[in-house]
Amino acid sequence: MSSAAEQKAVAKERAVEERRPEAVLHDTDLDTGTPTGTDGAPNGAPRAALPAVPVWPGTPMPLGARFRTGPDGVSGTNFALWAGGAEAVELCLFGEAGGGEVETRVPLTELTHEIWHGFVPGVMPGQRYGYRVHGRWDPWTGARWNPAKLLLDPYARAVDGDFDLPPEVYGHVRDWPQQQVADTVRDDRDSAPYVPKGVVVHDDTPDDEWADDRRPKTPWADSVIYEVHVKGFTKLHPGIPEELRGTYAGLAHPAAIEHLTNLGVTAVELLPVHQFAHEDHLLRRGMKNYWGYNSIGYFAPHAGYAATGTAGQQVGEFKRMVRALHEAGIEVILDVVYNHTAEADEHGPTLSLRGMDNRGYYRLQSDARRYTDYTGCGNTLHVVQPHVLRLITDSLRYWVTEMGVDGFRFDLAAALARSMHDVDMLSPFLAVIAQDPVLRRVKLIAEPWDVGSGGYQVGAFPPLWTEWNDRYRDAVRDFWRGALPDVRDLGYRLSGSSDLYAWGGRRPYASVNFVTAHDGFTLRDMVSYERKHNEANGEGNRDGTNDNRAWNCGVEGETDDEHVRALRRRQLRNLLTTLLLSTGVPMLVAGDELGRTQGGNNNAYCQDNEISWVDWSLLEDPGWRALTELTARLIELRHQHPVLRRRAFFSGRAHSADGLRDLAWFTARGAEMTEGDWYAPTETLGMYLSGRDIPGRDARGVPITDDSFLVILHTGDGPTGFALPGAPWAQRYEVVVDTSREEQGEAPGVGYRAGEEIGVPGRAVLLLRVVNTQVVGPSHDPNRAKTR
């Protein structure tokens, strides 16, 4: 007997012992023992008299609920649902009557290529709806149909209501005494009163609303990304009206946009705004999923971030937010979670896809009761399946063409790139994206790993894609905490990571450089804590990584020691300056420029409170205000100087008779680094960036030239001398940024002769501009007019 058969037999035997035979369990009310029908209503009990609803055949495409004019000019809504293997599908329409909710069930009898469809005349925008899908209950083969569970349309464009997770929303008996087989025992209590409903939305977007000429279209090399949580960024902002805080409308408010434009960022990367649900273990502890990496509706803006209402108003509010950001020259990138859903593993709730075709939507193990989990979240979408791939690409195109967004950051993108098992850069998902006329034109960012075998794929994604470069993060953190054994890796990271990306036509901007992200310490916490302090999460401080690569400057946590506080602020200036002077695309996390702290919590995914929200009162502190001003100044330097945002990798070779190269590295002695220097521990590194040898020309064919710069990074505790390189590198140098200074002013402006040894303060970055007899400035920068 097979293992699955043995488990099935054991479950049946135990069900008989409990006097609740499995064969009839799904026909019995679990609370009263009263026999029930498949809809969860007691057998023989009168049901509310509902008016007959006409259903016309309609069309199988497009999927979802689409309000339109039907035959004979009659207005109504076409409903289409893919449910492979299902035996029947009921459309459920919800309204209010007699002080309560009334459900009208409408069978969809038209079936085309596994798509159930029908046109219902008279159904208007604002109508709430869901589906009940009939089929076999046989978890041992992966079949988990249960018509007692109301299912959210995966194509719903708006969702009304909250996802609570009482036992009724589970397709199986969640609290079955024998938990090892609980997922095999079907629960037929009606879930409709406990789950949100989809909402029919009227599409009123003009054809030219998101035309290319109305988008910022910032080139990748010129981009500066700012990772933002819609609620966390706006919840405490004093300039945003209280009723708009925490919402899309709040992010669109002039007070919020003013901070973004003052910083000079070119794009906001929004943490997930697809409709998401909260995990059961969090709800039981009175907490919520704050980050939102638990999607359940790939077309719907998360209703919890809407100020104007959840009966479809959230769609218009989101569009207005995008429009306001575009008008300020800021692109909108969405952090999207297509690798898994909120239905979790076999013990999770039945909310949508599981009840439509569990085997068709999810990757299952050879034991089909179990899910293949490359995400660490219980399940993995089966992207190789055509209908799953269509769901994802339809969603992506919708957010671009109808919601106006400019790009996507794909959470655990390696899971999407898996074919049957292994990560495959020729996978169907990547192939479809590469040829899609809409998606290949927007910004595509991969989080290039998942938790499965072979899932770490940094540097492996094909052209068109950029990647979160965690090797940049680790090298920069380790350098500034004195933990790098040598500077070989650091040299690659500061200059665009050519070792990872110089293939297949990829460019330096394939590397999204970051020091912090939503996941982990904030920048301030990285210099204030070495150990995680996640007790508030209620998981015994077991959650979150232990590999923080942080240095607390000698004291764990907050302190009144002014020396330590000053050192921490200097370290923050060093980290931000390193990031914004590196070749590649810099990404900042909202609030890092203000000195935001999470009190040492490095996994604040469930902290929807002051731990996670941006504390705008920090701007009242001169020290933190100076950090914000430095951040803005560094971003402005990037905008002004194309040598800091190159479109091609450095060659390291001389392009002229004088021997000047586009990139050179120097020791503190002023000598070019030898191979042995790269393999030796060092506290001081000089990086020379030539503005004379920038590949590329402007729109008129004129070569792009710029100033040249010398960047000196010194991580030693005490000051050191640094001999400034002479000819052919420079005649004189002028200090532009000195991170040892709390206040930078407009520009330090101190000048030095080439060959002179200067003093570099302990733990500091100096940015020096080359000043020659004939200075070549960035007069031919084709993007100069676009800088702020």
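Helices (H or I, at least four residues) and strands (E, at least two) are DSSP runs here, numbered from the N terminus. Counted that way, the chain has 18 helices and 29 strands. You're looking at a predicted model, where local features need pLDDT of at least 70, side-chain atom pairs count only at pLDDT 80 or more, and totals for chains, interfaces and linings use all residues. Residues are numbered from 1 along each chain as its sequence is written, and side-chain values use heavy atoms, leaving out hydrogens and water.

Start with the whole chain. Of its 788 residues, 60% count as buried (under 20% relative accessible area, 1.4 Å probe, protein chains only).

Click on R66 and look across to β2: N78 stands opposite.

Now bring in the rest of this open sheet, whose four antiparallel strands are ordered β1-β2-β6-β5. Neighbouring strands are turned by 25 degrees against each other on average, direction ignored (axes are lines fitted to C-alpha atoms, with angles from 0 to 180 degrees between N-to-C directions).

Last stop: select 88–97 for β3 and 100–108 for β4, an antiparallel pair with nine bridges. Find L91, whose bridge partner in β4 is V106. Then move to the turn of this hairpin, where two residues sit between the strands and G98 takes a positive phi near 60 degrees.

Note on methods: Two strands pair if DSSP finds at least two bridges between them. Buried means under 20% relative accessible area, exposed over 50%, partly exposed in between (1.4 Å probe, protein chains only).
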